[in-house]
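Student: Could you take me closely through one part of this model, the aromatic cluster and its surroundings, with the cut-offs behind each term?

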Amino acid sequence: MSTHGTFVWHELMTKNPDAALKFYSELFGWKYKTGDMGPMKYHEIMVGDRPIGGITGTMAPEQPSAWNAYVTVPNVDAAVEKATRQGGKVLVPPMDIPNTGRFAMLADPSGAAIAPFTYTMEEQSKPGALGEPGTFIWNELMTADPQGVQGFYKETFGWSMRAQDMGPMGTYHLFASGGKDVAGMMKKPAELPVSFWLYYVAVTDVDAAHKKALSLGATETMAPMEAPGVGRFAGFIDPTGAALSLFKGASM
């Protein structure tokens with residue numbers, strides 16, 4: 001039995017898997033377990049002996065490199081029906097991953113992609129320490145329409161929501177599952193062309209990790225900065241074109 005409304009897997013689909021594997025191995029110290037996935041290789045990201053995500057190739061030449069995430073639901077097919085009633089679009093219809101689970105890929109009403117997922121195997125344990133270096137620690141939706149997508153996420157994943165005043169940064173919306181915050185949402189800056197999900201990886205030193213990412217060929221999107229009372233973060237686009245962020249909590 002899987003959890004509900006929880007992010008359980010982060011996956012990079014990239015135009016250049018070999019470059020991505022090298023970049024993230026050097027940046028985070030990630031190790032990989034590689035296997036076949038039809039015509040492509042699939043590289044499980046390992047933190048210690050536990051898989052936390054994957055890296056693989058894109059499905060089509062025109063598909064951009066991007067990180068995606070899988071969120072648990074009781075029933076993928078039912079979640080897809082709820083999503084479409086709330087204005088979502090089906091990018092990949094429900095399908096099985098042999099010996100693992102069932103998933104679909106959806107676009108919310110603002111166009112951001114996310115994947116509902118149900119385990120058909122025993123749910124794998126993930127790193128248990130919040131903020132363990134090299135693990136995904138936060139999930140954030142940058143959307144053109146914060147109000148317009150709320151019904152989609154409430155119905156599809158069962159999330160509750162609350163607004164939080166962030167002063168000059170504006171209103172930040174928190175998504176919660178079972179009383180635990182699982183993601184955030186904010187209105188995207190006008191200069192960003194599309195709505196998208198942005199994922200954060202825990203590091204011990206944001207400034208050092210950000211500097212290293214740039215030295216390895218990444219492009220800066222957000223210089224290291226402080227969110228008062230929350231933590232320090234920074235952002236970049238990796239050498240294959242996928243956006244990712246770094247984070248260290250104020251109490252970590």
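**The aromatic cluster**

Tutor: Ring pairs link F7, F152, Y153, F157, W159, F175, W197 and Y199 into a cluster, where rings of Phe, Tyr and Trp (its six-membered ring) pair if their centres lie within 6.5 Å, and planes under 30 degrees apart count as stacked, over 60 as edge-to-face and the rest as tilted. This is a predicted model, in which local features need pLDDT of at least 70 and side-chain atom pairs count only at pLDDT 80 or more, while totals for chains, interfaces and linings use all residues. Residues are numbered from 1 along each chain as its sequence is written, and side-chain values use heavy atoms, with hydrogens and water left out.

By the ring rule the count comes to 25 aromatic pairs. One of them joins Y153 and F157, which are stacked at 6.2 Å centre to centre with 20° between the planes. Both residues lie in helix 3 (residues 150-157), 4 residues apart, or about one turn of the helix; helices (H or I, at least four residues) and strands (E, at least two) are DSSP runs, numbered from the N terminus. Y153 and F157 are both buried, a word that stands for under 20% relative accessible area, against over 50% for exposed and partly exposed in between (1.4 Å probe, protein chains only).

Y153 also pairs with W197, this time edge-to-face, with 5.7 Å between the centres and 75° between the planes. That pair links distant parts of the chain, since Y153 belongs to helix 3 and W197 to strand 13 (residues 196-202), 44 residues apart. Y153 counts as buried because its relative accessible area is 0%, and W197 does so because its relative accessibility is 6%.

Y153 and W197 are, together with F7, Y24, W30, W67 and W159, the residues with the most contacts inside the largest nonpolar core, which has 49 residues; such a core is a set of buried Ala, Val, Leu, Ile, Met, Phe, Trp, Tyr and Cys residues joined through side-chain atoms within 4.5 Å. The largest share of this core, 6 residues, comes from helix 1 (residues 17-28).

D108 is found in the loop between strand 7 (101-107) and strand 8 (113-119), and the side chain of D108 reaches the backbone nitrogen of S110 at 2.7 Å.

Note on methods. Polar contact = N/O pair within 3.5 Å; in protein donor to acceptor, adjacent residues only side chain to side chain.
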